[in-house]
Amino acid sequence: MEEEKRFRACVEALKQGESLSREDWRVLLEGRTDERQEILAGEASLIRDRVYGKRVFIRGLIEFTNFCKNNCYYCGIRRGNQKAERYRLTEEEIMQCCHYGFSIGFRTFVLQGGEDAYFTTERLAAIVRRIKQSFPECAVTLSVGEREREDYRILKEAGADRYLLRHETANPVHYGCLHPPELSFARRMNCLRSLKELGFQTGAGFMVGSPGQTVDCLIDDLLFLAEFRPQMVGIGPFIPHRESPFCDYSRGDVKLTLYLLSLIRILLPHVLLPATTALRTALLGGREAGILAGANVVMPNLSPDKVREKYQLYDHKLTTGKEAAEGLRELKESLASIGYFVVVDRGDYL
């Protein structure tokens, strides 16, 4: 009985916008049950509906390069994966994706890729300017990793509206477990701070169940989100890639992922929260489950068919069906069946 009272008190404090201690977060994470998960999902949905209504925002994902200079231990396009079939889209191919996406209702384009030296800040800025000139009513989101503050400033001035840079973990020791020594936890955090200071709608996020992750690591993540207050948060279950050092590790817990989505929605009522491809890959109906847990963004793939299977961050990533842009009609029907609807809208942070 005392445990239940403590759990409910922590939920209520979170709903009221109060700061939670490490022990409060521990109560919420370690006290998870199916019944409590259902209660939290209901609370999260009410909060999301109060802020954004039943609207679900779509982002057109363009995975424009799978070259990457980094060697992160969890990633399928890591530099050390000699079996990856590398590609780069041309500027014209990127623009074709945008033209097609605009014609079927997308008003945000997400340019995502590895940290590819070919796409210098000047090249990227030129692409962003061209997209904004062709589609002035659309938002451009970039997800191209760590860069210098001046590079971010140039990209912002070119017209980029948002930037996704998952922090991956807010625990420095855990960060070292996931990345080679040349990648720095301090640099990742500095990049996130620079992005927010420069006026980007800034996205952070982490994998659930990544190797070495503990409850204390998740508490660090939630405390970081509470302090940093990003406009976007992307989380999904860890899924191993067969050509990575973590190939033999188990997938992350899907139920815990959904539970964390609900906690994040309650913590950050206005956040733009995707139901990620990783969640859909790990669980049949995962995208819909994510919406019911508090998410309000989905990111169908606008990349050309010929490259979708080459952008494999993890094994068995969905590249067909509802995840493809051609499945937009089916996506709309699927979301309508749970009471939500896709809108033709930039879907900015409120």
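Strand β4 (residues 139-143) and strand β5 (residues 162-164) pair in the parallel sense over two bridges, and Thr141 stands opposite Arg162 of β5. In this predicted model, the two strands belong to an open sheet of six strands, ordered β2-β3-β4-β5-β6-β7 and paired in parallel.

- Helix α10 (residues 254-267) lies across β6 and β7, and runs at about 165 degrees to β7.
- In helix α6 (residues 149-158), the buried residues are Tyr152, Leu155 and Ala158; these residues cover an arc of only 120 degrees around the axis, and therefore lie on the same side of α6.
- An α-helix has 3.6 residues a turn, so residues three or four places apart point the same way.
- The buried residues of α6 are covered by elements that include α5 (121-134), β4, β5 and α8.
- After α6 comes Gly159, which has a positive phi near 125 degrees.

**Aromatic pairs and charges over rings**

- Across the whole structure, a search finds 12 aromatic pairs. One of them joins Tyr163 and Phe200, whose ring centres are 5.8 Å apart and whose planes stand at 75 degrees, so that the pair is edge-to-face.
- Because Tyr163 lies in strand β5 and Phe200 in the loop between α8 and β6, this pair ties together parts that are 37 residues apart in sequence; both Tyr163 and Phe200 are buried.
- Tyr175 and Phe185 also form an edge-to-face aromatic pair, with 5.7 Å from centre to centre and 70 degrees between the planes. Here Tyr175 belongs to helix α7 (residues 172-178) and Phe185 to helix α8, so the two are 10 residues apart and the pair links distant parts of the chain.
- Tyr175 is buried, its relative accessible area being 1%.
- A single aromatic cluster is formed by Tyr73, Phe238, Phe246 and Tyr249.
- The ring of Phe200 has the charged end of Lys156 sitting over it, 5.8 Å from the ring centre, while Arg107 lies over the face of Phe102, at 3.7 Å from the centre of that ring.

- Ser210 is placed in the loop between β6 and α9 (215-228) and is buried, with a relative accessible area of 3%.
- When residues up to four places away in sequence are not counted, Ser210 touches His174, Leu178 and Phe238; of these, Phe238 is also a member of the aromatic cluster with Tyr73, Phe246 and Tyr249.
- Arg36 is found in helix α3 (residues 34-52), where it is buried at a relative accessible area of 8%.
- With neighbours within four places in sequence left aside, the contacts of Arg36 are Glu3, Glu4, Phe7, Gly31 and Tyr259.

- Glu168 is not a glycine, yet it has a positive phi of about 75 degrees. Glu168 lies in the loop between β5 and α7 and, at 9% relative accessibility, counts as buried.
- Arg229, likewise a residue other than glycine, has a positive phi near 50 degrees. Arg229 is located in the loop between α9 and β7, and its relative accessibility of 40% makes it count as partly exposed.

Note on methods. Residues are numbered from 1 along each chain as its sequence is written. This is a predicted model: local features need pLDDT of at least 70, side-chain atom pairs count only at pLDDT 80 or more; totals for chains, interfaces and linings use all residues. Side-chain values use heavy atoms; hydrogens and water are left out. Two strands pair if DSSP finds at least two bridges between them. Helices (H or I, at least four residues) and strands (E, at least two) are DSSP runs, numbered from the N terminus. Contact means heavy atoms within 4.5 Å. Axes are lines fitted to C-alpha atoms, for helices over the stretch in contact, and angles run from 0 to 180 degrees between N-to-C directions. Rings of Phe, Tyr and Trp (its six-membered ring) pair if their centres lie within 6.5 Å; planes under 30 degrees apart count as stacked, over 60 as edge-to-face and the rest as tilted. Buried means under 20% relative accessible area, exposed over 50%, partly exposed in between (1.4 Å probe, protein chains only). A charge sits over a ring if NZ of Lys or CZ of Arg is within 6 Å of the ring centre and within 35 degrees of the ring normal. The arc is that of the directions from the helix axis to the C-beta atoms.
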